[in-house]
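Good morning, everyone. Please bring up the model on your screens, and we will walk through it together.

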Amino acid sequence: MNYLFKCLLLLSIFLFQTASAELADTLEKVKPSIVGIGIYTPTGHPKNILKGSGFVIANGEYVVTNYHVVSQELDEQLLQEVAVFVGTGKTALMRKASLVAESKKYDLAILKVSGLPLPPMTLAGSKYIREGSDIAFTGFPIGAVLGLYPVTHRGIIAAITPTITPVNDIKQLSMRMLKQLRDPFMVYQLDATAYPGNSGSAMYDKETGEVVGIINKVFIQESKEAVISKPSGITYAIPVKYLHQLLKENNIKI
């Protein structure tokens with residue numbers, strides 16, 4: 001019995017180390033494609049404000065993020081522009097970007113970035129991946145505080161569920177929520193916790209690095225301020241099939 005227990009223990013350690021090594025290898029490949037998304041204000045203090053995360057696709061000139069990350073109206077008098085932050089830490093560079101495609105329904109946005117092409121990520125196919133599949137996502141949680149240092153979380157697809165935001169009171173229902181109730185679409189629910197700044201992060205297959213979804217939101221138990229101290233542990237991601245639709249509608253080839 002002791003011999004069998006030892007064998008099982010060694011096997012478990014081997015499988016854990018193998019899985020960790022696979023993710024580490026994938027992360028090396030993925031990280032150069034992870035970027036920050038924000039606003040550049042030439043006369044501001046600070047000039048650069050990080051709003052969320054994104055990732056490079058296609059020919060290296062396009063970046064994907066959530067629509068709500070770039071939906072803020074820019075101040076023309078202050079010469080504000082959408083910015084993509086490339087690199088890490090103090091060596092990070094700012095590149096100007098323009099919004100070329102958007103979907104409010106699926107909370108997706110595609111930006112075109114100035115400058116030389118960046119390393120792109122590969123998109124998975126349009127089919128839903130199975131519940132229980134291993135995933136990871138990389139972005140900039142609490143980016144305004146921690147700076148441009150990409151952080152990786154891992155987990156599984158916990159469920160494929162309609163995109164419905166629970167509320168405690170019917171008075172909290174907005175017109176957008178009511179439209180979603182009439183015509184919900186399916187999203188991934190994860191058992192990993194995302195934080196403010198993770199919006200727009202690439203969610204990818206741990207082994208291949210292919211993008212299978214885009215981190216969208218976290219279910220908040222109390223207030224937005226409590227998401228850091230009391231996270232619910234329930235995160236949602238938009239399946240990559242809806243990104244494929246947006247790319248096709250705007251004739252962007254991958």
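Leaving aside its neighbours within four places in sequence, which residues is histidine 153 in contact with? The answer is Ile135, Ala136, Phe137, Pro141, Thr193, Tyr195 and Asn198. Contact here means heavy atoms within 4.5 Å. Histidine 153 sits in strand β8, residues 151–162. Its relative accessible area is 18%, so histidine 153 is buried. The cut-offs are these: buried is under 20% relative accessible area, exposed is over 50%, and partly exposed is in between, with a 1.4 Å probe and protein chains only.

Some ground rules. This is a predicted model: local features need pLDDT of at least 70, side-chain atom pairs count only at pLDDT 80 or more, and totals for chains, interfaces and linings use all residues. Residues are numbered from 1 along each chain as its sequence is written, and side-chain values use heavy atoms, with hydrogens and water left out.

Now the overall picture. The chain has 5 helices and 12 strands. Helices (H or I, at least four residues) and strands (E, at least two) are DSSP runs, numbered from the N terminus. Of the 254 residues in the chain, 42% are buried. Take the contacts between residues at least 6 apart in sequence: 67% of them join residues at least 24 apart. The accessible surface comes to about 14200 Å², and 57% of that belongs to carbon and sulfur atoms. Those areas come from the Shrake-Rupley method with a 1.4 Å probe; for residues, only the protein chains shown count as cover.

Next, the rings. How many aromatic pairs does the structure hold? It holds 4. Tyrosine 106 and phenylalanine 185 form an edge-to-face pair, because their ring centres are 4.7 Å apart and their planes are at 80°. The rule covers rings of Phe, Tyr and Trp (its six-membered ring): centres lie within 6.5 Å, and planes under 30 degrees apart are stacked, over 60 edge-to-face, the rest tilted. This pair links distant parts of the chain, 79 residues apart. Tyrosine 106 is in the loop between β5 (93–103) and β6 (108–113). Phenylalanine 185 is in the loop between α4 (175–182) and β9 (186–190).

Phenylalanine 185 also pairs with tyrosine 242. That pair is edge-to-face too, 5.2 Å centre to centre, with 70° between the planes. Tyrosine 242 lies in helix α5, residues 240–249, so the pair ties together parts 57 residues apart in sequence. Phenylalanine 185 is buried at 7%, and tyrosine 242 is buried at 5%.

Stay with helix α5. Its buried residues are Val240, Tyr242, Leu243, His244, Leu246 and Leu247. Leucine 247 has 3% relative accessibility, so it counts as buried. Residues up to four places away aside, leucine 247 touches Ile57, Ile110, Leu123, Ile252 and Ile254. Leucine 247 and isoleucine 110 are 137 residues apart in sequence, yet their C-alpha atoms are 8.4 Å apart in space. Just after α5, asparagine 251 takes a positive phi of about 55°.

On to the core. In soluble globular proteins, nonpolar side chains tend to be buried together. A nonpolar core is a set of buried Ala, Val, Leu, Ile, Met, Phe, Trp, Tyr and Cys residues joined through side-chain atoms within 4.5 Å. The largest one here has 35 residues. Phe55, Leu108, Ile110, Met121, Leu123, Tyr204 and Leu243 touch the most other members. Helix α5 gives the largest share of this core, 5 residues. A second, separate core has 15 residues, including Val56, Val69, Val86 and Ala97.

Last stop, strand β12, residues 235–239. It is mostly covered: 5 of its 5 residues are buried. Strands β9 and β12 run antiparallel, joined by 3 bridges. Strands β11 and β12 also run antiparallel, with 5 bridges. Two strands pair if DSSP finds at least two bridges between them. Glutamine 189 stands opposite tyrosine 236 in β12. Threonine 235 in β12 is the bridge partner of valine 218. That is the tour.
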